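Look over the chain and its fold before reading on. The text below walks through a few local features one at a time.

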Amino acid sequence: MSGHICVVGSLNIDIAARVERMPAPGETVGGFDMKIHPGGKGGNQAVAAARMGGSVSIIGAVGNDDFGRMRKGWLESEGVDTSLVRVDGSAPTGTALITVDGSGQNSIIVIPGANGAIRPEHIEAARHRIASSALLICQLEIPVDAVSAAIRIAAENGTPVLLNPAPACPLERDLLSSVDFLVPNEIEAAQMSGIEVTDVDSAVAAAEKFHDMGTRNVVITMGSRGAMISHAGRVRHWNAHNVKVVDTTAAGDSFIGAFAASLMEGRSLEEAVEVAIFASAITVTRHGAQSSLPIRSEVEEAMVEWR
């Protein structure tokens, strides 16, 4: 496989605050840092793939506001094609409020804004881009009917589909049967399969459920437990790298982007997962979402030094 990556997904502005610990209900705690970052899973994954050398465009929406202009500008500065990003005059740009505690764990509140106004007809208008791409990447931070429209167009035109089912929600069997690469984290895999994912064996059991629904390749990211892949009757697990975690924001997006870009340059599934694990390990050592995503040379250096 080689060629262009088309991302259909969300575009947000992230407002991130750092605290020593998360507040309890009704409690106020002091923070010691606040920053504004580009975010949204669609935008993050597009940039993650572009920084790894991929040719990338994104289909999405922003509001007709300063945040929207900032968000498009950040994408363009990374080499991502934004010609199919709609400017919605009736909804604000999506916003995420992120709190990161002293251990690097985060809690996130997402206000969809223009992301929530994306309709199947908007995706249909971009049919040519999906049909001509070598890979479609989708997530679930935009309405499911819009995601379904994108996957349907891809299936009709032989474009492979990578679905990151985040945030998790019930999906029809027909939709999952058109997904070539399903990449949930352990929480999403548990919510979708009904199997609590706590180790490799339970991850394999969850993957089998997805295979039963027609998904060909399943990759489950498991945080500190690493990642596993199930495909063609084979299973392989990788341990996570031992790094100092400061912020887990965008770790999954970093994994998706690096995995996709690696597939597009002809790496095998196993090789692509290995590259993605290195990329996400670098990401969690940094603060922020898009700002934490590594470039290709950083991942290549880590693959030499950390082995």
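Is D81 buried or partly exposed? D81 has a relative accessible area of 29%, so D81 counts as partly exposed. Keep in mind that this is a predicted model.

Start with the partner of D81. The side chains of D81 and R129 form a salt bridge, with 3.2 Å from N to O. D81 belongs to strand β5 (residues 81-88) and R129 to helix α4 (residues 127-132), so the bridge ties together parts that are 48 residues apart in sequence. Buried means under 20% relative accessible area. R129 has 16% relative accessibility and therefore counts as buried.

Now take the salt bridges as a group. Side chains of opposite charge can pair when their charged atoms come close. The count here comes to 16 salt bridges. One of them joins R18 and D33, whose closest N and O atoms are 4.0 Å apart. This pair links distant parts of the chain: R18 is in strand β2 (residues 12-19), D33 is in strand β3, and they are 15 residues apart. R18 counts as partly exposed because its relative accessibility is 27%. D33 is partly exposed with a relative accessible area of 27%.

Some charged residues form a network. E124, R127, R152 and E156 are linked in this way by salt bridges.

Go on to the region around α10 and α11. E298 and R286 meet through their side chains in a salt bridge of 2.8 Å, N to O. E298 is in helix α11, while R286 is in the loop between α10 and α11; twelve residues separate the two, and the pair links distant parts of the chain. E298 has a relative accessible area of 26%, so E298 is partly exposed. R286 is partly exposed with a relative accessible area of 24%.

H287 is also found in the loop between α10 (269-283) and α11 (296-305). Its relative accessibility is 33%, which means that H287 counts as partly exposed. What does H287 touch, leaving aside its neighbours within four places in sequence? H287 is in contact with R18, V246, D247 and S292. R18 is the residue that forms a salt bridge with D33.

Return to strand β3, which covers residues 31-39 and contains I36. I36 counts as partly exposed because its relative accessibility is 40%. Together with M34 and M70, I36 makes a nonpolar surface patch of about 260 Å².

Finish with helix α8. This helix has 13 residues (200-212), which at 1.5 Å a residue should span 18 Å; its end C-alpha atoms are 18 Å apart, so the two values agree. Which residues of α8 are buried? They are S202, A203, A206, A207 and F210. These residues cover an arc of only 145° around the axis, so they lie on the same side of α8. What do the buried residues of α8 pack against? They pack against β10 (181-182), α7 (186-193), β11 (217-221) and β12 (227-231). The face of α8 turned away from the buried side carries the exposed residues D201 and D212.

Key:
Residues numbered from 1 in each chain as written. Predicted model: local features only at pLDDT ≥ 70, side-chain atom pairs only at ≥ 80, totals over all residues. Heavy atoms only, no water. Patch = residues over 30% accessible without salt bridge, like charges linked within 9 Å, V, L, I, M, F, W, Y side chains within 5 Å. Areas by Shrake-Rupley, 256 points an atom, 1.4 Å probe, with all protein chains shown as cover. Helix = DSSP H or I, 4+ residues; strand = E, 2+ residues; numbered from the N terminus. Buried < 20%, exposed > 50% of the residue type's maximum accessible area, 1.4 Å probe, protein only. Expected span 1.5 Å × (residues − 1). Arc of directions from axis to C-beta. Contact = heavy atoms within 4.5 Å.
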